[in-house]
Amino acid sequence: MNKEDYFIKQFDKNSSFIGDDGALVDNIVYSNDAFFEDVHFKKNWFSLKQIARKAMLVNISDAIAMNAVPKYALLTVAIPKEYTKKDIKELSQGFLEVAEEYGIEIIGGDTISNIKLDISVTIISKTNDAKLRGGIKKDDLICYTGDLGTCKKDLEKLLAGKKISKKSKFYEPKLKADFFYEVSKYVNAAMDISDGLFFELERMSKQSKVGFKFFDDISPEIACSGEEYELLFSFSPKNINKIEEIAKKHDVILNIFAKANKGKFRCDCKNHHF
């Protein structure tokens, strides 16, 4: 067990809400993610506006994957002392832009002084039909959206001092809210891909108590690429035509790659936490 899972396990026995992308409490989803300098990003990779936008989007991604509509946000921002008013305005603009795009009201939070830029965002969302990691049924088809692998490659380029495309998903995740809200009635379980496809499959395997039969081999580049923020979900084979029709309507690529069966799944990707 890695240190992240070990830490979370300390609280499992005291709460029935831990184990999904967000905590579902009375049709309200609370999700929180940190976005820290030199942990999740390096300052020379992003503009301040890009940093704020990504910090918001990775949190909104959790809400979408649970079929919840974001309503409110709380921001905690540790700001380096040398930041000017111009810097702070640019950073704020990134938060405000995304909030406006998704109809979110920023209702508070906290600011402190720090030697690095560290951000923590809490998103409060509403849902009438939450999708959890533990809803996979035997014989469900398992699917992810979009292309996987580019973010890992782009991160490696940045770490090597190279440039990447300004349109890279590593800079700004491409969320698929409209698609998922429409397709959700046919979905049994879901989450977003933040740590990598195989990491997320292990989490779904534990929560749903199922294993997976893969239709083809999946390369390590696809299996272990984090920061993708694509959707990973399961559905009954009887709904495949309806789901493909909705995907086509929203111009979303579907990758149906496995089927749920008895057993369990273990991720063999190198752990990148701690």
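I take helices of at least four residues and strands of at least two as DSSP runs, numbered from the N terminus. The model is predicted.

**Entry 1: the S1-S2 loop**

I started with asparagine 27, which sits in the loop between S1 and S2. Its phi is near 65°, a positive value in a residue other than glycine. Most residues other than glycine have a negative phi, so I looked at the neighbour as well. Aspartate 26 lies in the loop between strand S1 (23-25) and strand S2 (28-36). Phi of aspartate 26 is near 55°, again positive in a residue that is not glycine. Asparagine 27 is partly exposed, at 44%.

**Entry 2: nonpolar cores**

Next I looked up the cores. The largest nonpolar core has 51 residues. Phe95, Leu117, Ile119, Phe179, Phe180 and Phe233 have the most contacts inside it. Which helix gives the most to this core? I found helix H2 (residues 48-65), with ten residues. In soluble globular proteins, nonpolar side chains tend to be buried together.

I then checked phenylalanine 95. Leaving aside neighbours within four places in sequence, phenylalanine 95 is in contact with Ala52, Ala55, Met56, Leu75, Val77, Ile106 and Ile119.

**Entry 3: H2 against H3**

I followed H2 to helix H3 (residues 85-101). Their axes come within 7 Å and cross at roughly 35°. The crossing is right-handed. On the H2 side, the contact residues include Ala52, Ala55, Met56 and Ile60. On the H3 side I noted Leu91, Phe95 and Val98 among them. Charged residues take part too, including Lys49 and Arg53 of H2 and Asp87 and Glu90 of H3. By class, I read ten nonpolar, two polar and six charged residues in this contact.

**Entry 4: cysteines**

How many disulfides does a search of the whole structure find? It finds one. Cysteine 224 and cysteine 269 form it, with sulfur atoms 2.0 Å apart. The link is left-handed, with -80° about the S-S bond. Cysteine 224 is in the loop between helix H7 (220-223) and strand S9 (230-235), and cysteine 269 is in the segment after strand S10 (254-261), so the pair ties together parts 45 residues apart in sequence. Cysteine 269 counts as buried, at 10% relative accessibility.

I checked cysteine 267 next. Cysteine 267 is in no disulfide, and the nearest cysteine sulfur, that of cysteine 269, is 3.8 Å away. A disulfide needs sulfur atoms within 2.5 Å. Cysteine 267 counts as buried, at 16% relative accessibility.

Cysteine 143 is buried, with a relative accessible area of 0%.

**Entry 5: two single residues**

I looked up serine 184 in the loop between helix H5 (177-183) and strand S7 (187-193). Serine 184 is buried, at 4% relative accessible area. Not counting residues up to four places away in sequence, serine 184 touches Asn67, Asp129 and Lys131.

Last, I turned to threonine 122, in strand S5 (residues 118-126). Beyond its neighbours within four places in sequence, threonine 122 is in contact with Ser31, Asn32, Tyr72, Ala73 and Leu74.

Technical notes
Residues are numbered from 1 along each chain as its sequence is written. This is a predicted model: local features need pLDDT of at least 70, side-chain atom pairs count only at pLDDT 80 or more; totals for chains, interfaces and linings use all residues. Side-chain values use heavy atoms; hydrogens and water are left out. Buried means under 20% relative accessible area, exposed over 50%, partly exposed in between (1.4 Å probe, protein chains only). Contact means heavy atoms within 4.5 Å. A nonpolar core is a set of buried Ala, Val, Leu, Ile, Met, Phe, Trp, Tyr and Cys residues joined through side-chain atoms within 4.5 Å. Axes are lines fitted to C-alpha atoms, for helices over the stretch in contact, and angles run from 0 to 180 degrees between N-to-C directions. A crossing is left-handed if the near helix is turned anticlockwise from the far one by less than a right angle, and right-handed if clockwise.
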